[in-house]
Amino acid sequence: MNKMYKMLATTSILAMTIIPLTANAQHVPPPTIHNGQGLIQHQAKVVPATMGLVTNFVNDKSGKFITVLGRGLAVTDQSEIVLSITKDTKIIDSKGNKVALKTIIDEKRVVKAFYGGNITRSLPAQGTALTLVVQDYTFLGINGVVSEVREDSIVVKGTDLYSSNEETVILRFANKAQILDQNGKVIKASVIEPGMSVKAFYGPAATMSIPPQSTSNYILVNTIIEENALENAIGTDGIITSVTDNRITVIGNPMEKGGTDYVILSVDEKTQIVDEDGNKLTQADLKNDIRVDAYYNGVMTMIYPAQTHADKIVVKAMETNKVEGTIIASNLTAEGQVYVDINSDQSKTNDIILNISDKTKVISMFNNGADLKVGMKITAYHESAMTFSLPGITNAEIVIVNSDDNAVNTQ
């Protein structure tokens, strides 16, 4: 799936706009609900959807895929998702007319991408597109912090959502702008204060001034301001299970002041990285399978796993014990145990039995269930203490289900 991340040219992304090229085009279309057969307004059944721009396109032997980056139509929907385009995927405009996929890509059009609820827990999530509703406009986006509040606008400093460039922009509020807090509740512009984090979409027109000025019709605001960010930071005491470019995945236990057991963190020059003695480290010291205390603020994406920026990471010297293999049936296990065929090599000499307790973090990358079953391929981190029996028995700290294609219910 790595082939999916062939990014469109930056110059093309910067050409993207948010509204029709008419002066009065700041209207925000009402939410549309899709039932897999067509577009249906004002019904109770809601299908997840992402509204945004196509930033990646792949068409090879594995299939046809697009990546849509923007915002979820509902607070709980994905802000970024990879979608498979099948023969059953409908691609239409707001009037129901068919639209060529090439048109969306060439013209950098905004789409409302509706997809089924069966999506992976990867980053980004992956699913199958049901319907793409092509809009007649495009937009720019920014993730940042409000540095100044004016009578009819705010100044935002942050990162361009599509180019990753550092940007400062003055955003005026459209007449019908949607302004939501971190819980998806509608708020007034007067609630916004300096120091609050925002995600905003704006354009297409922007002044040539420094900083540029534009109009926004959708702003997501985190109204919580941390005065002493690191002292009051929430976090995760866990293990780095994945390192990809400038992102790390940490699985473990929430800190005393809060946090989550499964989080994906972006790391940059603003992230403080130290060892347990306070000695400065670099991003190169953040590697797979090391233990860390990862601190972050409460501004997270509203998807699973949570995603946010790492404020501070403390690298621990404590060792980790990791195994990979397949869960197999065995009469040597009791309730609360699983037998693991290490390396899936069918050799008994290196196998282990894992004790699974309420303290064990079980993370599945493919479904919402946390039950371990025979046939699952897993990665497990366990305690150092192990019995001298054959196979050895130890307590599992973290179990990651990598594949459940051959899973069966245990007897």
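The model is predicted, so local features need pLDDT of at least 70 and side-chain atom pairs count only at pLDDT 80 or more, whereas totals for chains, interfaces and linings use all residues. Residues are numbered from 1 along each chain as its sequence is written, and side-chain values use heavy atoms, with hydrogens and water left out.

**Exercise 1. Overall composition**

Task: State how many helices and strands the chain has, and what percentage of its residues is buried.

Solution. Step 1: helices (H or I, at least four residues) and strands (E, at least two) are DSSP runs numbered from the N terminus. On this basis the chain has 2 helices and 25 strands.
Step 1: a residue is buried under 20% relative accessible area, exposed over 50% and partly exposed in between, with a 1.4 Å probe and protein chains only. Of the 411 residues, 47% are buried.
Step 2: a contact requires heavy atoms within 4.5 Å. Among contacts with a separation of 6 or more, 62% come from residues 24 or more positions apart.

**Exercise 2. The barrel**

Task: Determine which strands close into a barrel and in what order.

Solution. Step 1: two strands pair if DSSP finds at least two bridges between them.
Step 1: the barrel has 5 strands in the order β9-β10-β11-β13-β12, with mixed pairing. Its neighbouring strands are turned by 55 degrees against each other on average, direction ignored; the axes behind such angles are lines fitted to C-alpha atoms, for helices over the stretch in contact, and angles run from 0 to 180 degrees between N-to-C directions.
Step 2: within this order, β11 (residues 166–180) and β13 run parallel and are joined by 7 bridges. Phe173 stands opposite Ser216 in β13.

**Exercise 3. An aromatic cluster**

Solution. Step 1: rings of Phe, Tyr and Trp (its six-membered ring) pair if their centres lie within 6.5 Å; planes under 30 degrees apart are stacked, over 60 edge-to-face and the rest tilted. The structure holds 3 such pairs.
Step 1: Phe201 belongs to strand β12 (residues 197–202) and Tyr218 to strand β13 (residues 213–222), 17 residues apart.
Step 2: Phe201 is buried because its relative accessible area is 1%, and Tyr218 is buried because its value is 7%.
Step 3: ring pairs join Phe139, Tyr162, Phe201 and Tyr218 into a cluster.
Step 4: a charge sits over a ring if NZ of Lys or CZ of Arg is within 6 Å of the ring centre and within 35 degrees of the ring normal. The charged end of Arg71 sits over the ring of Tyr218, 3.8 Å from its centre.

**Exercise 4. Strand β16 and its partners**

Task: Identify the strands that bridge to β16 and give their directions.

Solution. Step 1: strand β15 (residues 247–254) runs antiparallel to β16, with 5 bridges between them. The bridge partner of Val250 is Val263 in β16.
Step 1: strand β19 (residues 306–315) runs parallel to β16, with 4 bridges. Ser266 has His309 in β19 as its bridge partner.
Step 2: β16 (residues 262–266) is mostly covered, with 4 of its 5 residues buried.

**Exercise 5. Ile240 and Lys287**

Step 1: Lys287 lies in the loop between β17 (272–275) and β18 (291–296). Outside four places in sequence, Lys287 contacts Ile240 and Val243. The C-alpha atoms of Lys287 and Val243 are 6.5 Å apart, although 44 residues separate them in sequence.

**Exercise 6. Backbone exceptions**

Task: List cis peptide bonds and positive phi values, with their locations.

Solution. Step 1: most residues other than glycine have a negative phi, and most peptide bonds are trans.
Step 1: a cis bond joins Ile210 and Pro211, with omega about -5 degrees; Pro211 lies in the loop between β12 and β13. Another cis bond joins Leu390 and Pro391, with omega about 0 degrees.
Step 2: Lys108 has a positive phi of about 55 degrees and is buried, with a relative accessible area of 17%. Gln346 has a positive phi near 65 degrees and counts as exposed, at 70% relative accessibility.
Step 3: Lys108 lies in the loop between α2 (101–107) and β7 (111–115), and Gln346 in the loop between β21 (337–342) and β22 (352–355).
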